[in-house]
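Subject: Structure handover

Hi,

Here is the structure you asked for. My notes on what turned up follow below.

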Amino acid sequence: MKEVAAPAMALEQDQRISEVVEQQRSRLRSFIRRRVPDPRDAEDILQEVFYELVEANRLLMPIDHVTGWLFRVARNRITDLFRKKKPESFSDIAIDDEDDELLHFEDLLPSPDAGPEALYVRKVLLEEVRLALEELPQEQREVFVAHELEGRSFKEMSAASGVSVNTLLSRKRYAVLHLRERLQSIYDEFTKA
């Protein structure tokens, strides 16, 4: 009798997991996508969360509130992802154009070989970048310039200044956020013209 009950119980558990996955998939995906910019990373995290649910079920781990557990695991996986990733470089920043294709900073600047008008636009954009950099607090600007333009590592800057790597990373992050926001309007102005 036990042999018949075990497969039936396993089938019932599999059905319950399938139902949970079906019920929570879109909410969980939205939750992850709001926090993870790369859709591939977001999808990987979603799959990892559901994989962990299946594993927890197989190991007979008690989960009282499945929805809360799923979102807690998702938060942990998102944190893990950001710990693994290297700090974002300004030149690595990409934005979506109207065709949902990613454009990098260099892609936004006209080629200096494209004629006088393109050269003018390039000069204007570079001037806007310079002005945006000047708007930054000195500490943020110094970290941004040292890392992005001079190619210095955070470890190297930390050793030279005595400021912790985490503080330097934070300063760089705020600088990048400001520059993104500040330069978005310039980008919009040129693309609508």
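Arg 130 and Glu 134 form a salt bridge, with their closest N and O atoms 2.2 Å apart. A salt bridge here is a side-chain nitrogen of Lys or Arg within 4 Å of a carboxyl oxygen of Asp or Glu. The two residues sit four apart in helix α5 (residues 116–135), so about one helical turn separates them. Arg 130 is partly exposed at 37% relative accessible area. Glu 134 is partly exposed too, at 46%. (Buried means under 20% relative accessible area, exposed over 50%, partly exposed in between, with a 1.4 Å probe and protein chains only.)

A word on the source: this is a predicted model, where local features need pLDDT of at least 70 and side-chain atom pairs count only at pLDDT 80 or more, while totals for chains, interfaces and linings use all residues. Residues are numbered from 1 along each chain as its sequence is written, and side-chain values use heavy atoms, leaving out hydrogens and water.

The whole structure holds eight salt bridges. Arg 171 and Glu 139 meet in one of them, at 3.5 Å from N to O. That pair links distant parts of the chain: Arg 171 is in helix α8 (residues 165–192) and Glu 139 in helix α6 (residues 138–149), 32 residues apart. Arg 171 is buried at 19% relative accessibility. Glu 139 is partly exposed at 47%. Asp 38 also bridges to Arg 40, with closest N and O atoms 3.1 Å apart. Arg 40 is exposed, at 62%. Glu 52, Arg 77 and Asp 80 are linked in a salt-bridge network.

Now the overall layout. The protein chain has eight helices and two strands. (These are DSSP runs numbered from the N terminus: helices are H or I, at least four residues; strands are E, at least two.) The order along the sequence is α-α-α-β-β-α-α-α-α-α. Of its 193 residues, 31% count as buried.

There is one aromatic pair. (Rings of Phe, Tyr and Trp, the last by its six-membered ring, pair if their centres lie within 6.5 Å; planes under 30 degrees apart are stacked, over 60 edge-to-face, the rest tilted.) The rings of Phe 31 and Phe 71 have centres 5.0 Å apart and planes at 80°, so the pair is edge-to-face. Phe 31 lies in helix α1 and Phe 71 in helix α3, so the pair ties together parts 40 residues apart in sequence. Both residues, Phe 31 and Phe 71, are buried.

Best wishes
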